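Here is a short walk through one structure. Take a look at the sequence and the model, then read on.

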Amino acid sequence: AQTVTQSQPEMSVQEAETVTLSCTYDTSESDYYLFWYKQPPSRQMILVIRQEAYKQQNATENRFSVNFQKAAKSFSLKISDSQLGDAAMYFCAYKGNTGNQFYFGTGTSLTVIP
Amino acid sequence: DAMVIQNPRYQVTQFGKPVTLSCSQTLNHNVMYWYQQKSSQAPKLLFHYYDKDFNNEADTPDNFQSRRPNTSFCFLDIRSPGLGDAAMYLCATRSGGALKWGYTFGSGTRLTVV
């Protein structure tokens, strides 16, 4: 299995501020896909954003953007203008270009302070 | 409309008594996944199907089995549940078009072993 690591078990951010969640991964593949998923308490896992490794341009989805550093195998998520509804567990995830396995990182619990 | 439906939402079983969790998807996709998620941990991939091809993760215990009778349905069978098998079990499939694809998850089944 590929290794996906999130070094920040917990993070907090003031409402309306910006926060960055970190993720690193280990792979020998040159082509793959990276994801950030959000899991609110007792609720469903939701896709936040996706990045293809072959694309140099960082993905953005409204207030969410990534900083993808392929050489460093780093994939961080930036949440701008944080809202109370952003409070959740955030998981970084990896899928290689070969096979269908889809692996999650260890997760970061984000608290948004009013 | 729910695209990945897991039943039941909560399941209580006795130690050692076989239990089956079910998942159905309306997306008609050929890939389906089962994950085990223990409290405050990342989802751990147990196995996945590509069509009828079953792919077991190397560290998935033999106690866990799966069946996929057709594209829409997938079952997780736990032959002899132990206390350590108490967890949330998540089912997922791939969703979205060629440019915006991701993975859609069900709401999960929370298994309690007594």
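Strands are DSSP runs of E with at least two residues, and helices are runs of H or I with at least four residues; both are numbered from the N terminus. By that rule, A:W36 sits in strand β5 of chain A, which covers residues 32-39.

Some ground rules come next. This is a predicted model, in which local features need pLDDT of at least 70 and side-chain atom pairs count only at pLDDT 80 or more, while totals for chains, interfaces and linings use all residues. Residues are numbered from 1 along each chain as its sequence is written, chains are lettered from A and ligands numbered from 1 in the order in which they are written, and side-chain values use heavy atoms, leaving out hydrogens and water.

Now take chain A as a whole. It has 12 strands and zero helices. Its C-alpha trace spans about 45 × 30 × 20 Å along the principal axes. The radius of gyration, taken over C-alpha atoms, is compared with a globule rule of 2.2 Å times the number of residues to the power 0.38. A compact globule of 114 residues would have a value near 13 Å, and chain A agrees with 14 Å.

How much of chain A is buried? Buried means under 20% relative accessible area, exposed means over 50%, and partly exposed lies in between, with a 1.4 Å probe and protein chains only. Of the 114 residues, 50% count as buried. Among contacts in chain A with a separation of 6 or more, 55% join residues 24 or more positions apart.

Return to A:W36. This residue counts as buried because its relative accessibility is 0%. A:S76 is 40 residues away from A:W36 in sequence, yet their C-alpha atoms are 8.9 Å apart. A polar contact is a pair of N or O atoms within 3.5 Å; within protein, one must be able to donate a hydrogen and the other to accept it, and residues adjacent in sequence count only if both atoms are side-chain atoms. A polar atom of the A:W36 side chain lies 3.4 Å from the backbone oxygen of A:F75.

Finally, move to chain B. B:Q37 belongs to strand β4, residues 31-37. B:Q37 is buried, because its relative accessible area is 8%. Its side chain makes a polar contact of 2.9 Å with the side chain of A:Q39. The B:Q37 side chain also reaches the backbone oxygen of B:Q41 at 3.0 Å. Beyond four places in sequence, the contacts of B:Q37 include A:F91, B:P43 and B:L90.

Conventions:
Contact = heavy atoms within 4.5 Å.
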